[in-house]
Amino acid sequence: MSDVPVSTKLSGELSLNGDVEYHNKSLAVAKRLSSVAPLNFHDDFELSEHRAETDSKVTELSRAYRHILTAIGENPERQGLLKTPERAANALMFFTHGYGQKIQDVVNDAIFEEDHDELVIVKDIEMFSMCEHHLVPFIGKVSIGYLPNKKVLGLSKLARIVEVYSRRLQVQERLTKQIALAIVEAINPTGVGVVIEATHMCMVMRGVQKINSKTLTSTMLGYFREDPKTREEFLTLIRQ
């Protein structure tokens with residue numbers, strides 16, 4: 001029979017069990033941390049540089065908006081307009097953030113090998129852009145179809161591509177073609193079709209002031225241009 005008191009033995013076992021548990025938890029934490037990419041000084045520097053550049057643009061735009069308010073006869077010092085130049089500057093930066101994006105970054109790794117050669121369509125993608133002639137919005141929807149060539153693109157990436165090119169100063173005709181060409185660049189399909197229907201504030205708020213007018217543009221590439229049946233199938237499906 002052991003001379004070691006039961007209370008001492010029990011205390012030792014609890015302590016040992018506690019050490020083992022702590023050790024196991026420490027290993028688990030270390031494993032998780034090892035899977036996290038280490039902080040890259042170069043990346044951190046680039047991020048800081050980007051923020052500084054953005055702040056500089058916002059400051060410059062705010063100054064310009066302040067001049068605009070003065071030019072139209074407003075008082076930028078009155079309470080309701082004190083922060084308007086900065087708000088407008090930040091809004092314009094958001095409206096045009098597509099200039100800072102690249103298709104390669106947006107598509108990323110969402111390209112998948114797939115033996116599928118039938119139509120893929122995503123329709124009625126909401127779109128907001130800025131008319132480059134009057135700096136007022138045009139708003140509408142985009143429908144995209146393509147015939148895969150052994151590769152398919154993540155469905156959300158089609159909407160992302162629309163966002164990249166619509167968040168710039170644009171004309172609808174160019175926007176339609178840029179979206180189609182971006183899909184060709186990403187996955188080289190055998191055919192692409194893009195249709196945009198939009199309402200332009202430059203026709204609604206000014207000029208002819210036709211509030212019910214809509215503008216339709218399309219770009220057809222590959223089989224969508226060459227094969228009337230493929231084109232008609234696409235156009236029929238997006239109208240449903």
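Visitor: Hi! Before I dig in, what are the ground rules for this model?

Guide: It is a predicted model, so local features need pLDDT of at least 70 and side-chain atom pairs count only at pLDDT 80 or more, while totals for chains, interfaces and linings use all residues. Residues are numbered from 1 along each chain as its sequence is written, and side-chain values use heavy atoms, with hydrogens and water left out.

Visitor: What about contacts between residues at least 6 apart in sequence?

Guide: Of those, 68% join residues at least 24 apart. A contact here means heavy atoms within 4.5 Å.

Visitor: On to the sheet. What's the strand order?

Guide: It is an open sheet of five strands, in the order β5-β2-β3-β6-β7, with mixed pairing. Two strands pair if DSSP finds at least two bridges between them. At the edges are β5 (169–170) and β7 (215–222), each pairing on one side only.

Visitor: Which way do β2 and β3 run, and how many bridges join them?

Guide: They run antiparallel, joined by nine bridges.

Visitor: Is β3 mostly covered or exposed?

Guide: Mostly covered: eight of its eleven residues are buried. On to its pairing with β6: ten bridges join the two, again in an antiparallel arrangement.

Visitor: And how many bridges does β6 have with β7?

Guide: Eight, with β6 (residues 191–200) and β7 pairing in the antiparallel sense. Ala-198 stands opposite Thr-215 in β7.

Visitor: Which residue stands opposite Lys-141?

Guide: That's Glu-197 in β6. Glu-197 is partly exposed, with a relative accessible area of 26%. Leaving aside residues up to four places away in sequence, Glu-197 touches Ile-139, Gly-140, Lys-141, Gln-172, Lys-214, Thr-215 and Leu-216. Glu-197 and Thr-217 are 20 residues apart in sequence, with their C-alpha atoms 6.7 Å apart.

Visitor: Which residue does Lys-141 meet in a salt bridge?

Guide: Asp-124, at 3.7 Å, N to O. Lys-141 lies in strand β3 and Asp-124 in strand β2, so the pair ties together parts that are 17 residues apart in sequence. Lys-141 is partly exposed at 35% relative accessible area, and Asp-124 is partly exposed too, at 33%.

Visitor: How many salt bridges are there in the whole structure?

Guide: The search finds eight. The criterion is a side-chain nitrogen of Lys or Arg within 4 Å of a carboxyl oxygen of Asp or Glu. Among them is Lys-150 with Asp-115, at 3.1 Å, N to O. Lys-150 is in the loop between β3 (137–147) and β4 (151–153), and Asp-115 in the loop between β1 (111–113) and β2 (120–131), so this pair ties together parts that are 35 residues apart in sequence. Both residues are exposed.

Visitor: Last topic, α6. Where does it lie?

Guide: Helix α6 lies across β2, β3, β5, β6 and β7, running at about 150° to β6. Axes are lines fitted to C-alpha atoms, for helices over the stretch in contact, and angles run from 0 to 180 degrees between N-to-C directions.

Visitor: Which residues of α6 are buried?

Guide: They are Gln-172, Leu-175, Thr-176, Ile-179, Ala-180, Ala-182, Ile-183, Ala-186 and Ile-187. These cover an arc of only 155° around the axis, which puts them on the same side of α6; the arc is that of the directions from the helix axis to the C-beta atoms. On the other side of α6, Glu-173 and Glu-185 are exposed.

Visitor: And what follows α6?

Guide: Asn-188, with a positive phi near 45°.

Conventions:
Helix = DSSP H or I, 4+ residues; strand = E, 2+ residues; numbered from the N terminus. Buried < 20%, exposed > 50% of the residue type's maximum accessible area, 1.4 Å probe, protein only.
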